[in-house]
Amino acid sequence: MQSPHKIFLNVLAAAALVLALTAVAAGVKPSPIPPLMLGSAWYPEQWPESQWDTDLAHMRQAGMNMVRIGEFAWSTIEPREGVYELDWMERAVAAAARHGMVTIIGTPTDTPPAWMTTKYPEILRVGEDGKQLQHGSRRHFSIGSEKYRQLCAAVVEQLARRFGHNPHVVAWQIGNEYTEDSYDPESYARFHGWLEKKYGTLEALNLHWMTAYWSQTYSQWSQVPMTTARANPGLLLEHKRFITDTWRDFQRNQTDVLRRLVEPRQLITTNLGGLGWANRFNRQQVAADLDLISWDEYLGSGWFDNARNGTGHLDPLRSGATHDLVRGWKQKNFWVLEMPPGFVDWGSVSNSLDRGETRAMVWHSVGHGADCVAFWQWRSALNGQEQYHGSLVGPDGEPVPVYAEIAQTGAEFARAGPVLAGTSPVSEVALIHDYDSRWAIDFNRFSQRYDQMQILIDYYRALREPTQAVDIVTPAMDLARYKLVVAPSLNVVSPELARRLTDYVRQGGHLVLGPRTGMKNEFNALNRERQPGPLLPALGGRVEQFYALLEDVPIAGAWGAGKATVWAEYFDRLAPDTEVLMRYGPGNDWLTDQPAAISRKVGQGTITYLGAVLDPALMTAAAKQWTKQAGVTAPVLPAPAGVKVSRRVGAGREVYVITNFSAGPQEIALPSAMTDVLNGGEVSVANLPRYGVAVLARPAAPAGTKFLP
Ligand code: GAL
């Protein structure tokens, strides 16, 4: 016998099912994610509702098919503790849908409201200087605060319950541009707990960090400092890993709620900022917990020279490298959730991109694997910290000059979306960007001239030119898919990483190591063997000594002749089958005639170690040799300087996205007729004015096709 209560519950459940089925029958099907999304950050909470329709109509006219809302709206969503107001948001999502747009919802956790920071001041972030932040800006929360996490989970739960089945909501963005870590007492306690979990005993920690040095020996976990100053290298590296894990579980606190309550078709992402290269934490590890990764592309010619960020014009090489880095975090396509509509408000000179440059920037990102581009922001906010920032409509809600260019791009997205659906960039070459190594070198560069990011970009340039496709990946990713893996500055090599790299080579991979490889182990201690540490047995040679160069030294051999600059290591060849490929010439007595690059066949592949930084011409020549030796396929569309060609493959076709960033018009002869996706028809020549874009498609050759030489 069922109890009356149980019967009542069953009746309720049946009624709910009937209602749900009626909704499906009424045709409320989930909106699919468009294959190419174009959209904008829209802040309906800042504007009278009567103006929403005009805004949305303008978006739709610009070909937009997505809006991104909510990421700073906490004080509107939860004006008082536990009082949630979400009707306005639901009306905004519905209004966007009426205009044919899907919605991405940002969780508002970058901006805790004033009632919260007043009531729970312990959630406020503390800087390394020990000062607690005040209210009035954003990012003023501590990622380590348990109370803050509870408050975040509560608001996310409300959002998830309301929108987790909304047919027009296609994705969630967690917070906004994770940036700042905290030095509050709770974060210290977390750090100490994290260390204890990792090391088990203080003896183990003291041993690995060799704390006998300068009497650093710890007898209580709470004695371990948290600092970015010149501290023990083991401590510094662990602090970075701790920050990474703290962001990961800060994020997981929200993704757990979403995964429990929202439909799996709603993807979970976050928008990483800092021009992609920021390294306060390991971004690949944060990306690992998400369905896909997104980043915010702002113009900036430097990734470390802040004064130049936000100023100038797009540097397509660096922009392309950044897209390739972001794509490498998950080895799949990504979204660009913010791009400036012409200009920002935080550059040393917030100049505008040229006419046509924004459109070229959008298409360039698509070529590199972006399936979504959104602008920041739609409309100039009347007040708030960013009044000058570029937008598509002014404070009056009417289009500004760049609007027409973006509308052109929107119309093009509609044409190209079906062709690009299911395609992604494919590369046979991987360049390694390893966070542990990057941190380890930056803690003590040894030579300020050793700018590892500049070195990385020099390698990237030299490898991309002959291949038009490079993935930038961390060593944790799948390397077996690449014919060639190149790792400059891979300073931290654990026995486990050495095993993986050696297996890669054994199975036919070609591995090229650059300077400073394998000096450190996973505790940032010196490896007992000399460089390349645990890779020494595979290489059959070791670094005798490293030198920070003040003056260039000649270098010559199998890859040509030129200069070793900035850094030079020379080798002792230990195995009889290890070959010397390059040698230093006269100039520095320590180096004269010594091996500068050595190589060895191992299993089906090769391992090569180049100990010097090369001048750009020699770098280019060397990279050509490496790609040739590894059998990397030559590109079919060689392009003049300044013209960027990217290829996306899939769904039985290949699609070329060509953008002309050179100073004048360019004509590119195609090896075969291709479909002109943007203009229609077939073309055998692509004519591109400055900032011109061509999207060309042709059927892909079936796998295994053999071509005549
Ligand atoms: C981004 C941020 C946006 C906006 C933008 C301005 O870093 O995510 O919210 O502030 O900068 O350029």
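Guide: Start with a pair of strands: strand 11 (residues 429–432) runs parallel to strand 13, and three bridges link them. Helices (H or I, at least four residues) and strands (E, at least two) are DSSP runs numbered from the N terminus, and two strands pair if DSSP finds at least two bridges between them. This is a predicted model, in which local features need pLDDT of at least 70 and side-chain atom pairs count only at pLDDT 80 or more, while totals for chains, interfaces and linings use all residues. Residues are numbered from 1 along each chain as its sequence is written, and side-chain values use heavy atoms, leaving out hydrogens and water.

Visitor: Which residue stands opposite Val-485 in strand 13?
Guide: That's Ala-430. On to the next pair: strand 13 also pairs in the parallel sense with strand 14 (residues 510–513), over four bridges. Here Val-486 faces Val-512 of strand 14.

Visitor: Which way do the side chains of strand 13 point?
Guide: In strand 13 (residues 484–487), Leu-484 and Val-486 point one way, Val-485 and Ala-487 the other way, and all are buried. Buried means under 20% relative accessible area, exposed over 50%, and partly exposed in between, with a 1.4 Å probe and protein chains only.

Visitor: And what about Thr-269: buried or exposed?
Guide: Thr-269 sits in strand 5 (residues 267–269). It counts as buried because its relative accessible area is 0%. Its side chain also makes a polar contact of 2.8 Å with the side chain of Ser-294. A polar contact is a pair of N or O atoms within 3.5 Å; within protein, one must be able to donate a hydrogen and the other to accept it, and residues adjacent in sequence count only if both atoms are side-chain atoms.

Visitor: How do I read the surroundings of the ligand?
Guide: List the residues with a heavy atom within 4 Å of it. Among them here are Phe-72, Arg-138, Tyr-298 and Glu-386. The shell divides into four nonpolar, two polar and five charged residues. In that scheme Ala, Val, Leu, Ile, Met, Phe, Trp, Tyr, Cys and Pro are nonpolar, Asp, Glu, Lys and Arg are charged, and the others, Gly among them, are polar.

Visitor: How far is a polar side-chain atom of Asn-176 from an oxygen atom of the ligand?
Guide: It's 2.9 Å. For Trp-346 the distance to a ligand oxygen is 2.7 Å, and for His-389 it's 2.7 Å. Taken alone, the ligand exposes 310 Å², and the protein buries 94% of that; such areas come from the Shrake-Rupley method with a 1.4 Å probe, and for residues, only the protein chains shown count as cover.

Visitor: What should I look for in the backbone?
Guide: Check omega and phi. The peptide bond from Trp-376 to Gln-377 is cis, with omega near -5°, and Gln-377 lies in the loop between strand 9 (370–375) and helix 13 (402–420). Leu-275 isn't a glycine, yet has a positive phi of about 55°.

Visitor: Where is Leu-275?
Guide: In the loop between strand 6 (271–272) and helix 10 (283–288). Leu-275 counts as buried because its relative accessibility is 13%.
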